[in-house]
Amino acid sequence: MSAPASTITAVTPEGPEVAAAPAKRRRLRFVANPKAATGLIVLAFFCVIAVIGPWIAPYDPSARSSDLIQPPSGKHWFGTTHLGQDIFSQVLVGTRGVMFVGLLAGIVATALSVLIGVSAGFLGGAADESLSALSNVFLVIPALPLIIIVASTIPSAGDLMVALVIGLTSWAWGARVLRAQTLSLRRRDYVEAARATGETTWRIITAEIMPNLTAIIASGFVGTVIFAVMSEITLAFIGISTISEWNWGTILFWAQSQQALAQGAWWWFVPAGLAIAILGTALSLINFGIDEFVSPRLRSSGHTRMRTKDGHTVRMRVGFTPVLGSKEQPATPVVRRTKEDAA
Amino acid sequence: MKFLLQRIAFYLFTAWAALTINFFIPRMIPGDPVTSLINKFQGQMSTEAINSLYVLFGLDKDASLWGQYVDYWGQVFRGDLGLSFTFFPTPVADILGQSLPWTIALVGITTFASFMIGTSLGVLAGWRRGSWLDGLLPVTTFLSSIPYFWLGLLAITLLAGPGSIFPSSGGYEPGLVPSWNGEFIGSAIQHSLLPAVTILISSVSGWILSMRNMMVTVASEDYITVAHAKGLPERRVMVSYAARNALLPNVSGFALSLGFIVGGTLLVEIVFSYPGIGYNLFQAVGAKDYPLMQGIFLVITLSVLVANLMADIAYLLLDPRTRKEG
C-alpha cells in the first residue's frame with residue numbers, strides 16, 4: 001500500500017487562528033473546499049450504494065446463467081463471468097462488505113490511536129516511553145504480511161474478523177501523530193489554566209485537548225479507512241477471507257483465478273478496480289481537504305495568476321505578495337519581495 | 001553515535017517483538033496441523049523433522065510455554081524454520097534463500113528509485129507552486145489509490161501478450177538456468193521491467209505529495225528570504241536551502257512507511273508470478289503452509305528493519321544536529 005495519505009506532521013503552531021473562527025463557519029469552510037466537497041460527495045455515493053446495493057442489483061450476484069463471459073451489453077452492464085454471473089450486480093452487492101470493513105476497521109484503529117496516542121502524549125514519563133515504543137514497533141513491522149498471516153490462521157475469516165484484524169494492527173501511525181500533537185498542546189497556557197483551576201485530568205483531556213485534535217483524528221481515520229479497504233481487497237484477492245461473501249476483491253480473485261486476462265475479459269476486473277481507485281481517491285481528497293484546512297499554506301490556490309492595479313499579470317507564489325487594487329487579496333501572512341520578483 | 005545506538009536498540013527490541021508475535025500466531029490455529037501433515041506424508045518424515053514442527057507449532061505437550069519459547073529461539077538462531085508443506089521436504093530457509101534476492105532486487109531498487117524520483121518532483125512542485133506541476137497532484141493521487149496488483153493486471157493486459165517485449169510472468173526465460181551470465185541477467189531485467197514500472201507508478205505519488213508539502217512549509221522560512229536577499233541564484237536557494245531542509249522529514253517518513261510499501265509491492269510479485277517472497281507468500285497461503293508463512297513474515301520484518309536502519313544512517317549523514325550530541 002502507499003504511504004499514509006495524510007501529511008499532517010503534527011505541531012501546527014499557526015493552527016489557533018483557524019480554531020478561533022466560529023464553529024459553524026468552520027464547518028462550512030471545510031465543505032467549501034472543492035477537494036473535500038468532491039471527496040465527500042463520492043464517499044456519500046458509495047455509502048448509499050453500500051446500503052441499497054443488494055436491493056437495486058438487477059441479478060443475484062451468485063446466480064449462474066447461460067451467458068458465459070459476455071462483454072458488457074444492455075442486459076449485463078459490466079458483462080458476465082465464467083459462470084454467467086452478472087458482474088454489475090457483484091460490484092453493487094460487494095460495496096457493502098468493502099464499506100463495512102473499511103469503516104469498522106477505521107473506527108477501531110482510530111479509537112486505539114486516540115487512546116494510546118493521547119495518553120502517551122499527556123501522561124509523559126515512563127508511560128509515554130513504553131506506549132511510544134509499542135506504537136513504533138507496530139509501525140515498523142510490515143502490516144500487510146502480518147494481517148495476511150493472522151487472517152489465514154483464523155478459520156473462516158468473515159468481514160467482521162477481517163475488520164478487527166486490520167483495525168487492531170493499523171492504529172500506530174495515528175497514535176504517533178496524535179502523541180506529537182498532544183505533547184505540543186500539553187503545556188499551552190489554556191491547559192495550564194485548566195489544571196490550575198483544579199479540573200480533573202479526564203476533563204482536561206476530553207474538553208481542552210481533544211477538540212484541538214479533531215482535524216488530526218479525522219485525517220487519521222480517513223487514512224486508516226483507505227488502508228483498511230486496500231488490505232481487505234488484497235485479502236480477498238489472494239483468497240484468504242471467505243470468498244462466499246462478495247466484495248470487490250472477491251471479483252478480482254475470480255477474475256485472476258479464471259485467467260480473465262488470458263481470455264481478454266477486461267470487463268471482469270476493470271469495474272472493481274476502478275471502483276477501488278475512485279473510492280481511494282475520494283478518501284484521499286477528503287484528507288487533502290483536512291490538511292489544507294489545518295494548514296492553509298498547502299492550498300494550491302485556485303487563481304495563481306492575478307492582475308495588479310497597473311495591468312500587470314503576476315503569479316502568486318511563496319514569499320511574494322503583489323499589491324492589488326481590490327480588497328479580495330488573499331491573506332498571505334508574510335509580505336515580502338524577493339530580488340527578482342521585485343524587478 | 002548515541003542516536004545510532006538508540007536506534008539499533010530499538011530495532012533489536014522490534015525484532016524481538018516480531019519473533020514473539022511469530023511464536024504466538026501458530027498457537028491460535030485450532031486443531032493439530034502437524035498431525036494432518038504427518039498423515040499426508042506418512043513415512044516420508046524423519047522423527048527429527050516431526051519434532052521440529054511440533055516445537056514450531058507449540059504442540060509439544062510435554063514442554064511448558066516458557067520451555068517452548070526457549071526451544072523456538074534456539075531453532076530461529078540455528079536458522080531452522082521448519083519444513084515447507086508445499087515444497088515438502090525442502091526446509092523453509094532454503095526456499096527463502098532462493099527467493100529473497102529476487103525480492104530485494106525488485107522491491108529494493110524500485111522503492112529507492114520511487115523515493116528519489118518522487119522527492120525530486122516534489123521539490124519542483126513545492127517550489128513552483130501554482131504552476132502546471134500542481135496538475136500532477138490529482139493524477140498521482142488517483143494512481144496511488146489503485147491497488148498495486150490491479151495496476152499490474154492492467155499492465156499485463158495492455159502491454160504484455162504475444163509479440164510484446166514485456167513478458168507477463170516469471171522472473172526469467174523458462175529455459176535458462178540462473179547464473180551470472182549476460183543472457184540470464186538480460187532476461188531477468190526484461191522480466192522485471194513491467195513489475196518495476198507498476199510499483200514505481202503507484203508508489204511515487206506519496207513522495208511527491210509529502211515533499212511538496214514540506215517544501216511549501218520551508219519556502220516561507222526566514223532563511224529562504226535571507227538566501228534570496230543575498231542574491232543567490234534561484235536554483236541554489238531551491239536545492240541547497242529549501243530542499244535540503246525539507247528532505248529531513250521525508251527521509252524519516254521513508255523509514256516509517258517502508259513497512260506499508262513492502263507489503264504492497266509483494267502483491268505485484270503475485271500478479272506477475274515473480275519468483276520472490278511475495279509469490280511464495282501467495283503459494284503458502286493457498287496451501288495453508290504455516291511454516292513457510294511464518295518464515296516469510298520473519299524475513300520480511302527483518303529486511304524492513306535493516307532498511308530502516310539504513311534510512312536512519314542516511315538521516316544521520318543529512319542532519320548535523322544528530323551527530324553533534326555524541
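Tutor: The model is a predicted one, and the reply begins with the residue itself before turning to the chains. Arg186(A) lies in helix α8 of chain A, which covers residues 172-186. Is this residue buried, partly exposed or exposed? Arg186(A) counts as partly exposed because 19 other C-beta atoms lie within 10 Å of its own, whereas a buried residue needs 20 or more. With residues up to four places away in sequence left out, Arg186(A) touches Gly121(A), Phe122(A) and Val191(A). The C-alpha atom of Leu123(A) is 9.3 Å from that of Arg186(A), although the two residues are 63 positions apart along the chain.

The confidence of the prediction in chain A comes next. Helix α4(A), residues 87-123, has the highest mean pLDDT among the elements of chain A, at 89. The lowest, 43, belongs to helix α1(A), residues 16-19. Over residues 1-21 of chain A the pLDDT is below 50, yet this stretch has 52 contacts in the model beyond near neighbours in sequence. Residues 339-343 of chain A also stay under 50, with five contacts beyond four places in sequence. Where pLDDT is low, the predicted coordinates should not be read in detail. For chain A as a whole the mean pLDDT is 76, and 75% of the residues reach 70 or more.

Chain A contains 14 helices and two strands. Of its 343 residues, 46% count as buried. Among contacts in chain A with a separation of 6 or more, 69% join residues 24 or more positions apart. An unreviewed UniProt entry annotates "transmembrane region" in chain A at residues 36-57, 98-122, 134-154, 160-178, 213-240 and 266-290. One of these spans, residues 160-178, is 89% helix and 0% strand, with its end C-alpha atoms 27 Å apart. Another, residues 134-154, is 86% helix and 0% strand, and its end C-alpha atoms are 24 Å apart.

Chain B has 13 helices and zero strands. Of its 326 residues, 44% count as buried, and residues 24 or more positions apart account for 73% of its contacts with a separation of 6 or more. For chain B, the unreviewed UniProt entry lists "transmembrane region" at residues including 188-209 and 295-318. Residues 188-209 of chain B are 100% helix, with end C-alpha atoms 32 Å apart. Residues 295-318 of chain B are likewise 100% helix, and their end C-alpha atoms are 35 Å apart.

A kink of about 50 degrees in α10(B) is centred on Ser257(B). The helix is followed by Ser273(B), which has a positive phi near 45 degrees.

The largest nonpolar core has 166 residues, of which Met215(B), Ala242(B) and Ile296(B) touch the most other members. Helix α10(B) supplies the largest share of this core, 18 residues. Leaving aside neighbours within four places in sequence, Met215(B) is in contact with several residues, among them Trp127(B), Ala242(B), Ala243(B) and Ala246(B).

Methods
Residues numbered from 1 in each chain as written. Chains lettered and ligands numbered in written order. Predicted model: local features only at pLDDT ≥ 70, side-chain atom pairs only at ≥ 80, totals over all residues. Bend = angle between axes of the 7 residues up to and from the residue. Helix = DSSP H or I, 4+ residues; strand = E, 2+ residues; numbered from the N terminus. UniProt positions renumbered as here; feature names shortened; annotations may be inferred. Buried ≥ 20, exposed ≤ 12 C-beta atoms within 10 Å, placed from the backbone. Contact = placed C-beta atoms within 7 Å. Core = buried A, V, L, I, M, F, W, Y, C linked by C-beta atoms within 7 Å. pLDDT = per-residue confidence, 0-100.
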